[in-house]
Amino acid sequence: AVVSTQSTGDEEDMRTEVLDLLTTFIRKTPVPLPDVYTKEVFPAAMALTIGCVKDSSAILQSGGECVRACLAQSFQQVSTLNINGISGMDYTMQLIGKMLDPEVSEYGALYAGRLVSSLIKHAGTALNINEILQAVLNKLAKCESPTIQQSLLVVFIKLFNHDLEGSMTFLQSINTPSGENGLVYVLKSWCEIQEMFTGEYETKVAVIALTKFLPHLLATDSPLNQIMVSDEEISLEGGRIMRSSKPPQGPTMIPITVKIFKILVQEFGNVVEELEAEKNGGLSEDEDDIEEEEDEDIEPQFVSIAQLAHMLGDDDDEDEDTKDDPINEIDLHSHLQQFLTQLSTHNTYNQLCQALNENERTVLNSLQVSGS
């Protein structure tokens, strides 16, 4: 019954919870995975996820994560499976195609970026990567939620970190469905929502990529330098982008090089604030007492599938696809401090600083570099 493709209400909730629980089991199972996972769980998860109706976003999310866990734990086993004449690799491509289908709810693509990045990492040149990246771009162009946009943008951002010029060249060769250049669209979308990025790893990956992009743009007379982006302050409330009040003439537009510089200064300020908060300690004594009282008040009760999956996963904060990324070893504070200090010697530095607001200037003043 769990793998039936027709589901509504409570049945869909239960299937989502089962997929989440299976994902937790797979991630905690030593490799190579037992046959029960590769020959039974993987095909069943695929059948359920690919067969679900288009508006079953929760199943697409949970199913995609279950499949990603299988790939991360034992890619060779899973990719070479033969499921009714279809290989595990081809099945995974079908699933990605469904998650990125422009007609499917954008929330079904919440974890599509992770699955695409995982497949690129493990399969490499065996993939038709151009087709996949075009599908990611097409989906990105239809998304309105910054959370979904971030998930898809990170696919390109990780490629920028791996091969900046090669990835830029590819994106310049493709367009969005509306005809806008792929690289221009990605850069503008990225700069617009970077300050709303969530997740320590995703934020770090994006910031480091920007520290590669800015020197590249400043060192070349590229048409990309002519890209203008909004300088208005934005925030996220209830999943919606909230913008600062616009002046009658509309938001101020600034060159993308200036925008990236401002983002990096803001990100350095965020890192400094986090370090200061850590130095000040964690919870206050009163907050500790409240947490202890809450723990003491908990009585034994029935544990749902979703709660079991959460409890089993509580001690595993590292993602299996990113825990071995060398970027994890980079100290973001030191990296940004060194980058901004070196940038202060560039002949455009004073011009970049002129666009900073008071808070951003305060951040730069803490570095004690000229021009700030």
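In the predicted model, Lys262 and Asp231 are joined through their side chains by a salt bridge, with an N to O distance of 3.7 Å. Lys262 belongs to helix α11 (residues 256–279) and Asp231 to the loop between β3 (228–230) and β4 (234–237), so the bridge ties together parts 31 residues apart in sequence. Lys262 is buried, at a relative accessible area of 3%, whereas Asp231 is partly exposed, at 24%.

The count of salt bridges comes to 11. A network of them links Arg27, Glu65, Arg68, Arg114, Asp319, Glu320 and Asp321. Asp321 is buried at 7% relative accessibility, and Arg68 is buried at 1%. Arg114 and Glu65 also form a salt bridge, at 3.1 Å from N to O. This pair links helix α5 (residues 112–123), which holds Arg114, to helix α3 (residues 57–79), which holds Glu65, across 49 residues. Arg114 is partly exposed, with a relative accessible area of 35%; Glu65, at 9%, is buried.

Helices α6 (residues 129–142) and α7 (residues 146–162) have axes that come within 9 Å and cross at roughly 145°. The crossing is left-handed. Leu133, Val136, Leu137, Lys139 and Leu140 of α6 contact Gln149, Leu152, Leu153, Val155, Phe156 and Leu159 of α7. The residues of this contact comprise 9 nonpolar, 1 polar and 1 charged.

Methods. Residues are numbered from 1 along each chain as its sequence is written. This is a predicted model: local features need pLDDT of at least 70, side-chain atom pairs count only at pLDDT 80 or more; totals for chains, interfaces and linings use all residues. Side-chain values use heavy atoms; hydrogens and water are left out. Axes are lines fitted to C-alpha atoms, for helices over the stretch in contact, and angles run from 0 to 180 degrees between N-to-C directions. Helices (H or I, at least four residues) and strands (E, at least two) are DSSP runs, numbered from the N terminus. A crossing is left-handed if the near helix is turned anticlockwise from the far one by less than a right angle, and right-handed if clockwise. Contact means heavy atoms within 4.5 Å. Ala, Val, Leu, Ile, Met, Phe, Trp, Tyr, Cys and Pro count as nonpolar, Asp, Glu, Lys and Arg as charged, and the others, Gly among them, as polar. A salt bridge is a side-chain nitrogen of Lys or Arg within 4 Å of a carboxyl oxygen of Asp or Glu. Buried means under 20% relative accessible area, exposed over 50%, partly exposed in between (1.4 Å probe, protein chains only).
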